[in-house]
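Work through the following exercises with the sequence and the model side by side. Each task is followed by a solution that goes step by step.

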Amino acid sequence: MDVKPPLGLLAELTHRCPLHCPYCSNPVELVSRAAELSTADWLSVLSQARELGVLQVHMSGGEPLARPDLPELVAHASSLGCYVNLVTSGLGLTAPRLDDLVSRGLAHVQLSAQGATRERSDLLAGARAFDHKLAAAALVKSSGLPLSLNVVLHRRNHDQLAGIIELAERMGADRLELANTQYYGWALRNRAALMPTPEQLAAAEPVVRAAVSRLRGTMEIVYVVADYYEPYPKPCMYGWGARQLTIAPDGTVLPCPAASAISTLRLSSVRDTPLAEIWYRSESFNAYRGEDWMSEPCRTCDRRELDFGGCRCQAFLLTGDASATDPVCSRSPQRSLVDLALSRPPAADLVMRR
Ligand code: SF4
Ligand code: FES
């Protein structure tokens, strides 16, 4: 098949993070500090990514501010002509650090929040973080950079949706991403505690719709649905190995951020293989590209060009077979796995990320 170059790189600089969010989609086993790529490794990876065609670099983690070499990496990616986005909890973002990053070419900041109020937000972050986030948002706004606010929604904060939208307005966010939890990595452990109720989702719809229309032209709002409740899966990653690649802190190259969970996939590393070779020729990137890997019902389904058979990670995590139809799909013979999860009573306890 005709493989196009990637547009975006998610550079997971570190898994170290000051927060303990129970919905964390990073793997259960995190990469240790000692196993992280060096500065020289990342500089080379960024050059290779640009050569390959990457135009957007999302510096993420964990908390990317935990890497002292972040300014150097931002400067390098920016000098290559990439649009550089910092994905941060806001903890550790000071005025001098932000000024430095801006002077080195940082173009955008995506800040996370866990709830609308200090009390709820800090409870869900497992840390005193809310005030730091308000301060970080103010710094970003005064720097002139565009600001996105990202809030993961679930059973424990859906009731604050209107307040979260107000928070984004108060922060002056240019974009608000309201993303219902996706159950990968650590989040899957907490699925029974995080799953929103149908009533919460029904209540959210008019609130989001009204905000989208009221704030049109001021703040873009993106709402990511709770796919377990949907009849068809999301077009995950717009297709496997189609648009974006992720590099984990230890240099493992992933077709999607959650792909390390697919234990049957042989993953490649930038430590021993050039990035272009991994993108175009590796087993992992070619495993679910296009349609040849599909079995029925996807193979002959009229929706296969819309959703690409859904999410490979979800298929693996729920069925043990990454080439299965995403069980979220109502046409999947394994949809009962999702229905069963939805029918379970909610769990009382959240296991915070450790
Ligand atoms: Fe998508 Fe496959 Fe379901 Fe068809 S059967 S809607 S291609 S996941
Ligand atoms: Fe990996 Fe969907 S999260 S393919």
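## Confidence and conventions

The protein chain has an average pLDDT of 97, and 100% of the residues score at least 70, where pLDDT is the predictor's confidence in each residue, from 0 to 100. The model scores are ipTM 0.93 and pTM 0.96. This is a predicted model, in which local features need pLDDT of at least 70 and side-chain atom pairs count only at pLDDT 80 or more, while totals for chains, interfaces and linings use all residues. Residues are numbered from 1 along each chain as its sequence is written, and chains are lettered from A and ligands numbered from 1 in the order in which they are written.

## Exercise 1: the annotated region and its cysteines

Task: find the region that UniProt lists as "domain: Radical SAM core", and describe the surroundings of C17 and C24.

Solution. Begin with the record: an unreviewed UniProt entry lists residues 3-220 for this domain, and such annotations, given in the numbering used here with shortened feature names, may be inferred rather than shown by experiment. Over residues 3-220 the chain is 42% helix and 17% strand, with the end C-alpha atoms 31 Å apart; helices (H or I, at least four residues) and strands (E, at least two) are DSSP runs, numbered from the N terminus.

Next, turn to the feature "binding site", which the unreviewed UniProt entry places at C17, C21 and C24. C17 lies in the loop between β1 (8-12) and α1 (39-52), and C24 is likewise found in the loop between β1 and α1.

Then count neighbours, using the rule that a residue is buried if 20 or more other C-beta atoms lie within 10 Å of its own, exposed if 12 or fewer, and partly exposed in between, with C-beta atoms placed from the backbone. C17 is buried because 20 other C-beta atoms lie within 10 Å, and C24 counts as buried because it has 24 C-beta neighbours inside 10 Å.

Finally, list the contacts, meaning pairs whose C-beta atoms, placed from the backbone, lie within 7 Å. Not counting residues up to four places away in sequence, C17 touches G61, G62, E63 and S89. With neighbours within four places left aside, C24 is in contact with G185, W186, A187 and R353.

## Exercise 2: the shell around the ligand

Task: determine how many residues surround ligand 1 and which are the closest.

Solution. Apply the criterion that a residue is near a molecule if its C-beta atom, placed from the backbone, lies within 6 Å of it. There are 14 residues around ligand 1, and the closest are C298, C301, R303, R304 and C329.

Now sort the shell by residue type: Ala, Val, Leu, Ile, Met, Phe, Trp, Tyr, Cys and Pro count as nonpolar, Asp, Glu, Lys and Arg as charged, and the others, Gly among them, as polar. The shell divides into 6 nonpolar, 3 polar and 5 charged residues.

## Exercise 3: the nonpolar cores

Task: identify which residues of the largest nonpolar core touch the most other members.

Solution. A nonpolar core is a set of buried Ala, Val, Leu, Ile, Met, Phe, Trp, Tyr and Cys residues joined through C-beta atoms within 7 Å. Of the 97 residues in the largest one, V57, M59, L149, A168 and C313 touch the most other members. Helix α6 (residues 161-171) gives the most to this core, with 6 residues. Apart from this core lies another, of 5 residues, among them Y228, V328, C329 and V338.

## Exercise 4: backbone exceptions

Task: locate the cis peptide bond at G61, and decide whether Y238 is buried or exposed and whether F308 is buried or exposed.

Solution. Start from the background that most residues other than glycine have a negative phi, and most peptide bonds are trans. A cis peptide bond joins G61 and G62, with omega about 10°, and G62 is found in the loop between β2 (56-60) and α2 (70-79).

Proceed to phi: Y238, not a glycine, has a positive phi of about 55°, and F308, also not a glycine, has a positive phi of about 60°. Y238 counts as exposed because it has 12 C-beta neighbours inside 10 Å, whereas F308 is buried because 25 other C-beta atoms lie within 10 Å.

Key
Contact = placed C-beta atoms within 7 Å.
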